[in-house]
Amino acid sequence: MTIQADQHAVPIVTVEALINGHNVTSVAQSAKENPSNPSEIVGYFPVTTKEQAVQAIEAAAAAFKTWKKTDIEDRIVSMRRAIEKIRAAENEIVHLLSREHGKPLYDAHGEIYVSLMWMEFVCNEAAAALKEEVQEHDHGKTILSYDPIGVVAAISPWNYPIALSTIKIAPALLAGNTIVLKPSPYAPLAAAKVAEIIASEFPAGVINVVHGAADVGVELTTNPHVAKIAFTGGTETAKHIIKAASDTIKDMTLELGGNDAAIFLDSFDVEDERAMRRIVVSNFLTTGQICMIAKRVYVHRSIYDQFVEKYIEAANRWIRIGDAFDPDTTVGPVNNVKQRDYVLSLVEDAKQRGAKVIPLGRILDQKRFDEGYYLQPTLVLGCDAHDPIVVEEQFGPTVPILPFDDEEQVVQLHNESIYGLTSSVWGKEEDAISVARQLEAGTTMINTAAVQGLDVRFPFGGFKQSGIGREYGVEGIRTYTEQHVINVPQMLDLPYIPE
């Protein structure tokens, strides 16, 4: 990675592919703009070729032969050194992430915090999670080992590019695998920098980084040397990945889209200002661009009117739309034009269907707002439960609030979705847990939602079209292994086999 300095401008960052321990240049490069100020180029990233992707995969396959034999404690030492390097470079990484992504500085620091928390957890738990188990019993002895799978193709998204890269890198490497990472072209720079920092503490070829277009993605999902695909992203893209990988039957962990519901029971206290702030943050953190954010809100009809009033008050207090580097900003721009236009289309469709759209928050700088990829957060009222803005994943700063009459109705509305990533239930704890048990979701939070309710010590993933497999927790470490059973039976022959 190189930094091109200019005394009159913020430094422009250039990243290259990392293959077998070396930066590899590409003939073509793509520019990454600042969503807060699209006329500003933050940096450049390579258009990796298919041939370079093959080289990266082959480097990882060669490194695997040695890396899989290294002692787990040595792997942990390397990862801990990488963690300290990331921590030392945190401010530089945070500023780069904010510039290329658009998320406010506090949000970017939060992403680093979650990333390091997970990496520390993996270092603390990997040895125990991957320890060989030996059982002696009446039938003899059984050995169960957790063996590395091989080369992992890790494809990360743009909304949390660092956290959703390290969620794959840390457990994959400590389990003895090697990896080829492909960051999203919408946020490639900070993720590549972090990957390079980690790679500096590991042997050449253990971590490789490629960029590029669809042909690179196809190579990562079809190459026979790739044993596992770890993908975070949209459900439609995942369908293509599953088809592409079918010829070689690859192992997969897929964390996909969600249309997560927040359910407010009649026992919820609408006068609780901290709780109202939590739900507002759960709707609009990272400008609503989080897979596990609350994207549709159901409120019991008996408290609906008062809830909406208090929600608007809380939203107008917390939401301040502005540049990522403005310390007053709580909500930044949408990351890219395509996503901004998609969210706009859902809001306009809701208007056409007769819904009431209420703007929320305060714009800090109208000129900057008009220049960037900004959307003012909106509350949508009076829509039907089956309107697109309710049933589709908006992934942006808008949220519909709908009334419900009873528990059976709201559980049905929740569960009829094709998604089932996370959910939340708000109210008296006993009542909320009772409803939570009926919901089809990988995680249900009580009286909080989204990142505020995330705990990396426990597995995370979705029901239905929200994904396959689990990340985080001990399961998130073992998902990068194959269970290998070695049986040593006491009776070697079957008793009914004739001589």
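Guide: A charge sits over a ring if NZ of Lys or CZ of Arg is within 6 Å of the ring centre and within 35 degrees of the ring normal. This is a predicted model, where local features need pLDDT of at least 70 and side-chain atom pairs pLDDT 80 or more, while totals for chains, interfaces and linings use all residues. Numbering runs from 1 along each chain as its sequence is written, and side-chain values use heavy atoms, without hydrogens or water.

Visitor: Which residue lies over the face of Tyr-160?
Guide: Happy to show you! A charged end also sits over the ring of Tyr-480, that of Lys-228, 5.1 Å from the centre. At Tyr-160, the distance to the ring centre is 3.6 Å, and the residue over the face is Lys-103.

Visitor: How many disulfides does a search of the whole structure find?
Guide: A disulfide would need two cysteine sulfur atoms within 2.5 Å. Cys-123 counts as buried (under 20% relative accessible area; over 50% is exposed, in between partly exposed; 1.4 Å probe, protein chains only) because its relative accessibility is 3%. Cys-383 is buried too, at 12%. The number of disulfides found is zero.

Visitor: Are the planes of Trp-158 and Phe-395 stacked or edge-to-face?
Guide: Rings of Phe, Tyr and Trp (its six-membered ring) pair if their centres lie within 6.5 Å; planes under 30 degrees apart are stacked, over 60 edge-to-face, the rest tilted. By this rule there are 13 aromatic pairs. In this one the centres are 5.5 Å apart and the planes at 85 degrees, so the pair is edge-to-face.

Visitor: How many residues apart in sequence are the parts that this pair ties together?
Guide: Trp-158 lies in the loop between strand 9 (151-155) and helix 5 (163-174). Phe-395 is in the loop between helix 13 (388-391) and strand 20 (398-404). Because the two residues sit in these loops, the separation in sequence that the pair ties together is 237 residues.

Visitor: What is the phi of Asn-447?
Guide: Asn-447 is in the loop between strand 23 (443-446) and strand 24 (463-464), and is partly exposed at 22% relative accessible area. Phe-395, buried at 13%, has a positive phi of about 55 degrees although it is not a glycine. Asn-447, also not a glycine, has a positive phi of about 60 degrees.

Visitor: Which residues form one aromatic cluster with Phe-264 and Phe-268?
Guide: Phe-264 and Phe-268 are two names in this cluster.

Note on methods:
Helix = DSSP H or I, 4+ residues; strand = E, 2+ residues; numbered from the N terminus.
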